[in-house]
Amino acid sequence: MSGAPALDVEVRRVGIDDPLAEPLVRELTEEYVRRYGPEAHEEMTRYPADSWTVPHGLLLLLLEDGEPVAGGAYKRYDERTAEVKRMWTASAHRRRGLARRVLAELERAAAGAGYDRIFLTTGPRQPEARGLYLAAGYTPLFDVDADPLTIGPLPFEKPLR
């Protein structure tokens with residue numbers, strides 16, 4: 001179904017240990033390792049599971065016919081800022097607007113939880129993520145004309161109010 005529009009998807013909040021989150025964790029880890037090497041495993045275990053739980057964070061999935069096709073999370077960065085993490089779209093479902101939908105759902109949930117701002121970083125070897133955040137109105141906190149590989153993690157922010 002690759003290339004089809006993201007129409008009838010269910011948004012579901014889950015815990016990082018929910019079996020439905022397994023494809024997100026597995027595929028995202030594989031993707032990070034492919035792009036950044038074996039040390040990328042550490043990124044996926046850096047935060048405790050309760051980082052992604054209400055009231056300070058959440059993990060949500062988009063389900064299609066009960067199967068996870070995209071997801072993402074946010075955690076508390078500071079009193080007024082949520083930090084987006086774990087953005088993922090299943091490889092068979094990319095180019096359908098699912099990541100943009102996840103991002104919009106995370107922004108809405110973070111604003112509803114009282115956050116005023118969203119912060120995130122993406123890796124320098126993820127040009128599609130960089131493009132998504134720029135297209136979604138995020139302000140880059142780095143020189144967009146510089147070679148991303150010379151910068152390291154690419155930070156972005158966006159006001160929620």
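Let's start at Pro55, which lies in the loop between helix H2 (41–45) and strand S2; helices (H or I, at least four residues) and strands (E, at least two) are DSSP runs, numbered from the N terminus. The peptide bond from Val54 to Pro55 is cis, with omega near 20°. This is a predicted model, in which local features need pLDDT of at least 70 and side-chain atom pairs count only at pLDDT 80 or more, while totals for chains, interfaces and linings use all residues. Residues are numbered from 1 along each chain as its sequence is written, and side-chain values use heavy atoms, with hydrogens and water left out.

**The sheet**

- Seven strands form an open sheet with mixed pairing, in the order S1-S2-S3-S4-S5-S7-S6; two strands pair if DSSP finds at least two bridges between them.
- Its edge strands are S1 (10–14) and S6 (139–140), each of which pairs on one side only.
- Strand S4 (residues 81–89) runs parallel to S5, and four bridges connect the two.
- Across this pairing, Val84 stands opposite Leu120, and Thr81 has Arg117 as its bridge partner.
- On another pairing, S5 and strand S7 (residues 154–159) are antiparallel and joined by six bridges, with Ile118 opposite Lys158.
- Strand S5 (residues 117–122) is mostly covered, with five of its six residues buried; buried means under 20% relative accessible area, exposed over 50%, and partly exposed in between (1.4 Å probe, protein chains only).

**Helix H3**

- Together, S4, helix H3 (residues 98–112) and S5 make a right-handed β-α-β unit; right-handed means that, with the strands pointing away from the viewer, the path from the first strand over the helix to the second runs clockwise.
- The 15 residues of H3 reach 21 Å from the first C-alpha to the last, close to the 21 Å expected at 1.5 Å a residue; that expected span is 1.5 Å times one less than the number of residues.
- Buried residues of H3 include Leu98, Val102, Leu103 and Leu106.
- After H3 comes Gly114, with a positive phi near 100°.

**Nonpolar cores**

- The largest nonpolar core has 28 residues, and Tyr74, Met87, Leu103, Leu106, Tyr133 and Tyr138 have the most contacts inside it; such a core is a set of buried Ala, Val, Leu, Ile, Met, Phe, Trp, Tyr and Cys residues joined through side-chain atoms within 4.5 Å.
- H3 provides the largest share of this core, six residues.
- Apart from it lies another core of 16 residues, among them Ala21, Met44, Ala73 and Trp88.

**The largest pocket**

- About 1100 Å³ of space lies in the largest pocket.
- Of its 41 lining residues, Met87, Thr122, Gln126, Glu128 and Ala129 lie nearest its centre.
- Helix H1 gives the most to this lining, with eight residues.
- On a 1 Å grid over the protein atoms alone, a pocket is an open set of points where a 1.4 Å probe fits, with protein on both sides within 12 Å along at least five of seven lines, and lining residues have an atom within 4 Å of a point.

- Most residues other than glycine have a negative phi.
- Arg86 has a phi near 60°; Arg86 sits in strand S4 and is buried, with a relative accessible area of 4%.
- Arg95 has a phi near 70°; Arg95 is found in the loop between S4 and H3 and counts as exposed, at 81% relative accessibility.

How values were computed
Points joined across faces, edges and corners; volume = space filled by probe spheres on them.
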